[in-house]
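Take a moment to look over the sequence and the model shown below.

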Amino acid sequence: MKTGIYAGSFDPITLGHIDIIERASKMVDLLLICVMYNPNKKSPLFEIEQRLDLIRQSLTHVNNIKIEKHSGLLVEYAKKTQATINVRGLRTLTDFEYEMQMAQINKTLYDEMETIFLISNPKYSFISSSGVRELVIFNGKIDNFVPKIVLEAIHQITRKKR
Ligand code: COA
């Protein structure tokens, strides 16, 4: 069985992530969506459990996925789950430089795991979770950035703050 991982902070999951997940899920038997703790990212919009929930609700149409969380190294999670493919989305050249370094570090730590890159669909290549978070702070329109269920969850937060 071929198991892949698509990891990220997913705060929140965006249409760009969904596109990568839909495509990657066709390439493996099981795709693990792993919400990871990124120590560089402070002031989350959603707590980890809410992110898991929003991912679950946004991806009911994809069958061969499992949604989990992990805090620690990605390679430890890969070893634990026997995943051998690490899926990453590439939006820009800047992504590539950063991702190449990460892929090489991960390969050094765990030779059995291969990182594969999916080029993001151009209609989503400008989207990032921090872009969404910033738009939320300044009441910008995010309808074209996130799934409906995330949009509703964000509206709930902003209504509570008013
Ligand atoms: N569509 C839309 N947005 C995308 C995207 C796509 N296809 N691909 C990436 N992004 C966004 C992400 O949402 C993220 O946005 P943000 O910075 O605004 O939150 C940004 O691009 C960067 O993505 P990514 O590099 O995946 O960051 P991340 O925080 O989501 O995930 C981890 C990074 C958690 C996977 C990575 O840090 C990790 O593996 N950590 C574990 C520790 C470890 O093993 N480190 C390796 C050895 S040093």
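Predicted model: local features only at pLDDT ≥ 70, side-chain atom pairs only at ≥ 80, totals over all residues.

How far is an oxygen atom of the ligand from an N or O atom in the side chain of Ser129? The distance is 2.9 Å, which falls under the term polar contact (a pair of N or O atoms within 3.5 Å; within protein, one must be able to donate a hydrogen and the other to accept it, and residues adjacent in sequence count only if both atoms are side-chain atoms). Taken alone, the ligand exposes 940 Å², of which the protein buries 85%; these areas come from the Shrake-Rupley method with a 1.4 Å probe. An N or O atom in the side chain of Arg91 lies 2.8 Å from a ligand oxygen, and for the side chain of Asn38 the value is 2.9 Å. In total, 25 residues surround the ligand, and the closest are Ser9, Lys41, Arg88, Arg91 and Ser130.

Residues are numbered from 1 along each chain as its sequence is written, and side-chain values use heavy atoms, with hydrogens and water left out.

Next comes the sheet. Five strands form an open sheet with parallel pairing, in the order β3-β2-β1-β4-β5. Strands β3 (65-70) and β5 (114-119) are at the edges with a single partner strand each, so one side of each has no neighbour in the sheet. From one strand to the next, the twist averages 30 degrees. Helices (H or I, at least four residues) and strands (E, at least two) are DSSP runs, numbered from the N terminus, and two strands pair if DSSP finds at least two bridges between them. Strand β1 (residues 3-8) pairs with strand β2 (residues 30-36) over six bridges; Gly8 has Val35 as its bridge partner in β2.

Strand β5 contains Thr115. Leaving out residues up to four places away in sequence, Thr115 touches Asn86, Arg88 and Ala103, where contact means heavy atoms within 4.5 Å. Its side chain also makes a polar contact with the side chain of Asn86, at 3.5 Å.

Thr158 sits in helix α6 (residues 148-161). The side chain of Thr158 reaches the backbone oxygen of His155 at 3.0 Å. Is Thr158 buried or exposed? Its relative accessibility is 14%, so Thr158 counts as buried (under 20% relative accessible area, with exposed over 50% and partly exposed in between; 1.4 Å probe, protein chains only).

Notes: Axes fitted to C-alpha atoms, helices over the stretch in contact; angles between N-to-C directions. Near = heavy atom within 4 Å.
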